[in-house]
Amino acid sequence: MQDVAGHSGDAGKAALPAWSLPKDSVDRIALPAHWPERVTREWALGGSTGDGVRVCILDSGVEASHPMVGELESAVVISVGEDDQIVADEDTEGDVSGHGTACAGIVRRLAPDARISSVRVLGSSFTGSGAVLLGGLRYAIEQGFDVINMSLSTTKKPFASVLHELADTAYFNRTVLVASAHNMPVESYPWRFSSVISVGSHEEPDPLDFFYNPSPPVEFFGRGVNVQVPWVGGRVVSVSGNSFATPHLTSICALIMAKHRELTPFQLKSVLYLTATNVGGGK
Amino acid sequence: MTEQPDLRAAVAAGVVGSEESFRALLSAIVEVARSIFGAKASSILLLDPETEELVFEAVVGEGEDTLLGTRFPAGTGIAGWVLATRTPLVIEDVRDDPRFASDVAEDTGYVPKGLMAAPLLHDEGALGVLSVLDRPEQTLFSLQEMELLGLFAYQAAIAVDLLLNARKSRRLLDESGGDLEVVARLATIVDALEDEQREAGLRLLRDLAQTLESPRT
């Protein structure tokens, strides 16, 4: 949270009022770019390649040597050290299941110039995986990634409040958290939090088709059925599931953010709504 | 563990059903799952939290003669991902994925081409994974199938929870050194009686309870 006393000072720094807006500060929060009267997909992401946007794949690791993935900006593996300290070491193992590679491949295909990093939170051990998941998310938020792809969830209620806090921290730090919705009758997190972009699957073949759901908690549907993806061992496979719809929305977010760097997560979600396939500016 | 929960466990072990009956239920679930999806095989893997391994508890179709009881590490592979992330997924054409092969096919020579897997979730816990192997080729997967898989996994999770509770009761009974065996036997016998015999049996137990509760002189 910003300093509540900071009602004056350099407008270019993070010194805007946190709790109120004095009369003499109104000019300082003028938006740097005007939105068109009708926000279209062409305005939002037309011509974008995701250039420079930093995308984090929080998952099982990524096989960077796969030709459909390519170079990673960084790759770490998260573990719980002594005194429950979260440790991030360079990840030399790659991908322990194939799923993270698939997600990275989808992002590379749709947003080829995005800078992809891997934060591996799976594979070290099953026990304590919840703590590693939380630690990995905290680490990713601290790194200031623009988008974090989280194709996973936890059903552990004790983790819910911490996850909620982390999701809000990301939101206020301008890190967009894109999370898979659960399609089974259980309570799971963090996709249910309103500060994240939650994603379910649709069956359309166009990877850039996405739909706004007027009946949340699932807010958007991305392509999630019969998707060709890279897999470990240099393989290419066809996959289905919400966890693959999620990197489609992650990619769309990266395309928009590369073109409109000023967007906050709230504004980005608004652009997603306005340019969804089933909403006015979708085409 | 105090005496009272042990006694309850003894009664539970006597009446909630045997491990065999729950295994039969799991087998029925995987059989129906295989049949509904027209698949070659289906299985239920349970997490052994002490060894952090996944164990084949029910298998139908390819591998059913050899896989039951087989274990592999829970932290890796496709089933491990599904378990850890509580998220279902479908993957087709995994024939040459070495990790997948080591999960399932090492002992049997059977290497599936496709896999649907959903976590078995109960309360806050992930108990295991339901897998359906090799749907018919050349049929595209649909969201409807994913919903169906989720429903089967939900049903399987309830059955697995019952199985685990039965095992826990049985274990507590065994740990009592046989002292509580008679309580379990009584519960089993009375539970099996019918009509007047059952009423007479319950009356006898009530009288016995009253006698044991009355102050000793």
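## Contact between the chains

Two residues are in contact if their C-beta atoms, placed from the backbone, lie within 7 Å. In this predicted model, 39 residues of chain A and 36 residues of chain B form the contact. On chain B, helix H3 (77–85), strand E4 (89–92), helix H4 (98–104), strand E5 (114–122) and helix H5 (143–175) each contribute at least two residues to the side that touches chain A. Helices (H or I, at least four residues) and strands (E, at least two) are DSSP runs, numbered from the N terminus.

That side of chain B comprises 19 nonpolar, eight polar and nine charged residues. Here Ala, Val, Leu, Ile, Met, Phe, Trp, Tyr, Cys and Pro count as nonpolar, Asp, Glu, Lys and Arg as charged, and the others, Gly among them, as polar.

## Strand pairing

Strands pair if DSSP finds at least two bridges between them. Strand E11 (residues 235–240) of chain A pairs with E4(B) in the antiparallel sense over three bridges; Val90(B) is the bridge partner of Ser240(A).

Within chain A, strand E9 (residues 220–223) runs parallel to strand E7 (residues 197–202), joined by four bridges, with Gly200(A) bridged to Phe221(A). E9(A) is also joined to strand E8 (residues 211–212) of chain A by two antiparallel bridges, and Tyr212(A) has Phe220(A) as its bridge partner.

## Confidence

The model scores ipTM 0.81 and pTM 0.83. Chain B averages a pLDDT (the predictor's confidence in each residue, from 0 to 100) of 80, and 79% of its residues score at least 70. Over residues 97–108 of chain B, pLDDT stays under 50. Where pLDDT is low, the predicted coordinates should not be read in detail.

## Conventions

Residues are numbered from 1 along each chain as its sequence is written, and chains are lettered from A and ligands numbered from 1 in the order in which they are written. Local features need pLDDT of at least 70, side-chain atom pairs count only at pLDDT 80 or more, and totals for chains, interfaces and linings use all residues.
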